[in-house]
Amino acid sequence: MVTLEKFLDPLPIPAILQPKYRNKKEPYYEVRMRPAYQCLHSKLPATLIWGYEGKYPGPVINVRRDEKVLIKWENHLPEKHFLPVDKSFHGLSDLPEVRSVVHVHGARVRPESDGHPEAWFTKEFAQTGPFFSRKVYWYPNRQPATALWYHDHAIGITRLNVYAGLAGFYIIRDSMERKLNLPQGNYEIPLLIQDRSFNPDGSLFYPRQTEPPNPQIDPCITPGVDGDTILVNGKVWPYLEVEPRKYRFRVLNGSNHRFYRMKFEPRLPFYQIGTDGGLLPAPVKLEELILAPSERADLIINFAYLAGKSFILRNDAPSPFPNGTPVDPETTGQIMEFRVVLPLQQEDKSSLPDQLLPVPRLDQGLVKVQRDLSLVVQRDEFGRLFFLLDGKGWHDPVTEKPRRGEVEIWNIINPGFVSHPIHLHQVQFQILNRQPFDVGHFTRTGEVVFTGPPELPDPNEQGWKDTVRSTPGEVTRIIIQFGPYTGQYPWHCHLLEHEDYDMMRPFTVVSKKCKK
Ligand code: C2O
Ligand code: CU
Ligand code: CU
């Protein structure tokens, strides 16, 4: 284990990717996944990473709403992984060890361009998975302005490919957002928060064994990997120098397994203006922000009148969340530092509007189908914990077949001790409520008996979401309109060790007329 000095390096700002060319109006991009050595902290030898365009995080892809974008994702990765690959489940021993497929998380796209876990491909597309159908992905971007992200999604090794560095921002802009006159340009900054551990030689450490070790399988997947070091935009505990004015931060928890509960020290309230899928109806004033893996928060922080001050962004979320190991206040309890030391370049004319964008509530009266889906843990034949969605795994037949355009309620029942961030592809949904139930009774009988009234989601969860925290001991209800595309998509827990084994299921959106 290596402990590194904090706030030594400035926060890197990922570059914006330029299209290779424009075909009529459609931008065409090419993105290569490549190994590279990158300096993640100035006191650490360069670290081997895998990055989109050889960068960790990858470049920012900036698009306009309704603009069609084509992206060819290319795999230029070696044949062997540099992190420990467990091949003991999912028939992974029959697959090429290194495979990749790219998913734009939160995007509404056709299944062929969604990055289905079995649409993987190897270097030069030499080998491809059973769902592979095209080299160039097509993104219509017909959805509100928001910060999405792209990351690897290859079956069975998503946790390793993302940990290696395969993640980046994908930001949609629109005119509604522009009219609000939010801070922009140099005053709008993406923050990708992730945890990692390092070996003394600077290489990434990812455990190859569970605790206690499992001699029958080596390497062996574990139920969740937390790093002891926090990085933002690929730098260990960076600092950012800011002017005394408003900034907009697009915050993403891109960690494999760690939640963050963030707060400034000294105290500094801030405003959340958007969620996973777009702007909130009005800013929500916060002192503390919880983000599970893959959740995003669009924040406005006003540093006006704070010239000369410094603020540490702290984290106090135990892992697993919310009842696991407490953070170490000296390491995982800190994320980055903001220093209000730059002179004000010009008067801050940006605004923090009182009203943002109305979020029309999905109509519960339209709901024809409700599904009860429980999150369960089991042990496999080697005694390892593994996770299931409603008692089924990735390879079991599809049971969720919503009709295109129809509205459903999913009741996610969590009788366990940890929160699971549940994510559905293709859709943005709304959280209705959470309601506590008698876990012991449920575990014995499978029957849900409520022990309290339903509670509304937090104010900063009352917008469009593609990931919801399913909290322990509660039924979390979400309302979803499926579509516009038919076909098969995954839904899964976004704790990447859970997703890989085996907390991911396919769902199929079927066409409306189809009888059966
Ligand atoms: Cu961000 Cu299916 O994932
Ligand atoms: Cu996704
Ligand atoms: Cu999970």
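Let's begin with one residue: is Tyr 150 buried or exposed? Select Tyr 150 and check: this is a predicted model, and in it Tyr 150 counts as buried because its relative accessibility is 0%, where the cut-off for buried is under 20%.

Applying the ring-pairing rule gives a count of 29 aromatic pairs. Now colour the strands. Tyr 52 belongs to strand E3 (residues 47–52) and Tyr 150 to strand E8 (residues 146–152), so this pair, 98 residues apart, links distant parts of the chain. Tyr 52 is buried too, its relative accessible area being 0%.

Next, select Phe 249 and Phe 338. This is another edge-to-face pair, with 5.3 Å between centres and 75° between planes. Here again distant parts of the chain are linked: Phe 249 is in strand E15 (residues 246–253), Phe 338 is in strand E22 (residues 334–340), and they are 89 residues apart. Both Phe 249 and Phe 338 are buried.

Now widen the selection around them. Phe 249 and Phe 338 are part of one aromatic cluster, along with Tyr 187, Tyr 247, Phe 264, Phe 270, Phe 303 and Phe 311.

Last stop: charges over rings. Pick Arg 339 and Tyr 239, and you'll find the arginine over the face of the ring, 3.8 Å from its centre. Then try Arg 196 with Tyr 163: the charged end of Arg 196 sits over that ring, 4.4 Å from the centre.

Conventions:
Residues numbered from 1 in each chain as written. Chains lettered and ligands numbered in written order. Predicted model: local features only at pLDDT ≥ 70, side-chain atom pairs only at ≥ 80, totals over all residues. Heavy atoms only, no water. Phe/Tyr/Trp six-rings, centres within 6.5 Å; stacked < 30°, edge-to-face > 60°. Helix = DSSP H or I, 4+ residues; strand = E, 2+ residues; numbered from the N terminus. Buried < 20%, exposed > 50% of the residue type's maximum accessible area, 1.4 Å probe, protein only. Lys NZ or Arg CZ within 6 Å of the ring centre and 35° of its normal.
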